[in-house]
Amino acid sequence: MVTLEALWEAKNRLRGVARVTPLVAAHQLGEKVFIKAENLQMTGSFKLRGAYNKIVSLTEEEKEKGVIACSAGNHAQGVAYSATKNGIRSVICIPAGAPLSKVEATKKYGGEVVLVPGVYDDAYAKARQLQEEFGYTFLHPFDDEKVIAGQGTIGLEILEQLPEVEAVVVPIGGGGLISGVAAAVKMLKPGCKVYGVQAAGAPGMLESVRKGEVTELTSVSTIADGIAVKKPGVLTFEACMKYVDEIVTVSEDEIATAILALMETHKSVAEGAGATSVAAAMFGKVDVKNKNTVCVVSGGNIDVNILSRVITKGLTKTGRILEISTLVQDKPGQLLKLLELVSEAGVNIISINHERENERSQVGSCVVKMVLETRNTEHCEELERSLETHGYPVGR
């Protein structure tokens, strides 16, 4: 287990390297909710903390061998930046499906990238293979005491920035972040609750805690690539068992909605993994009512191509984009009547498709499919009721 002494040592090593990221009020989530903005950290995520603390702790012999790591992207950037800053060669194995922005950023920080087909666990196997072959020093992304201690400096900062904190909500992939944060919080303020959040499509730590042993998932699937981990670490599992009060999951739609909310409300860009803590607060997965709560937004390295799709999904989830289909009589002027109803409801049309031959259409009718811009779910329901009342059956 990480000690307080190790946490303070890590904080001293990171002074002048890692930013003390801001704690921002997020009253839209709750009167006493705050965001710990690690998406504003150097390299765009918290991973720099653990990577740098580990690298500067290596022996001269270990440094001379060069370092190798595996990562979905954020640990890769942290290692590449830290190694280059200390004059050390770094090789990083990254899953081939990782966002291009993370791959390119790793190269720019001086890392030599090896793309590996599959997910994080496949990249891990490749990194271990190359380590044995070339003698590199392996830097584990989460199951390492120095890495955990580095991530734990976030917990120290939270306690300094908000001494009256009552709950901390932290994303979980392999568990390095929550292990360090939870250790710091529980050792210095035992009464503070620590909640972990995983994507519903990658609940490795949750399953491990439920079974009482480290458990490997057969597969993972989530837009939160930074926490798409099949198997948590041994050290991190033990830390979660000891320090974490509860682990919850959030859906893909909930993650997308949280990303959108952070952009609109706080003008802040978060990646899928980073937004899971906010999603948990937004959708009532953790109790934040009347509690001084900190949601750790762990990173902001999201690919712009993914971001556009995430925004669309978030808009759909919150009822601001509505896709519906209905039937109109195949007669002149009938489509116009439908569109007049849509207009009267104050709805904007993004796209419309009119099909005379469709599996749903009848001999005397056509199918009209529309993508609409609406205000919220209540507005969607209002439009649907209006259409049904005027004889237009609505399908989704």
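Mentor: H4 is mostly covered, with 10 of its 12 residues buried; buried means under 20% relative accessible area, using a 1.4 Å probe and protein chains only. Keep in mind that this is a predicted model, where local features need pLDDT of at least 70, side-chain atom pairs count only at pLDDT 80 or more, and totals for chains, interfaces and linings use all residues. Residues are numbered from 1 along each chain as its sequence is written, and side-chain values use heavy atoms, with hydrogens and water left out.

Trainee: Which residues of H4 are buried?

Mentor: Asn74, His75, Ala76, Gln77, Gly78, Val79, Ala80, Tyr81, Ser82 and Ala83.

Trainee: And what covers the buried residues of H4?

Mentor: The cover includes helices H2 (47-56) and H5 (100-108), plus strands E3 (67-70), E4 (90-95) and E6 (137-139). Helices here are DSSP runs (H or I, at least four residues), strands are too (E, at least two), and both are numbered from the N terminus.

Trainee: New topic: where is Ser71 found?

Mentor: Ser71 sits in the loop between E3 and H4.

Trainee: Buried or exposed?

Mentor: Ser71 is buried, at a relative accessible area of 3%.

Trainee: Which backbone nitrogens does a polar atom of its side chain lie by?

Mentor: The one of Ala76 lies 2.9 Å from a polar atom of the Ser71 side chain, and for Asn74 the distance is 3.5 Å.

Trainee: What about just after H4?

Mentor: There, Gly87 takes a positive phi of about 70°.

Note on methods: Buried < 20%, exposed > 50% of the residue type's maximum accessible area, 1.4 Å probe, protein only. Contact = heavy atoms within 4.5 Å. Polar contact = N/O pair within 3.5 Å; in protein donor to acceptor, adjacent residues only side chain to side chain.
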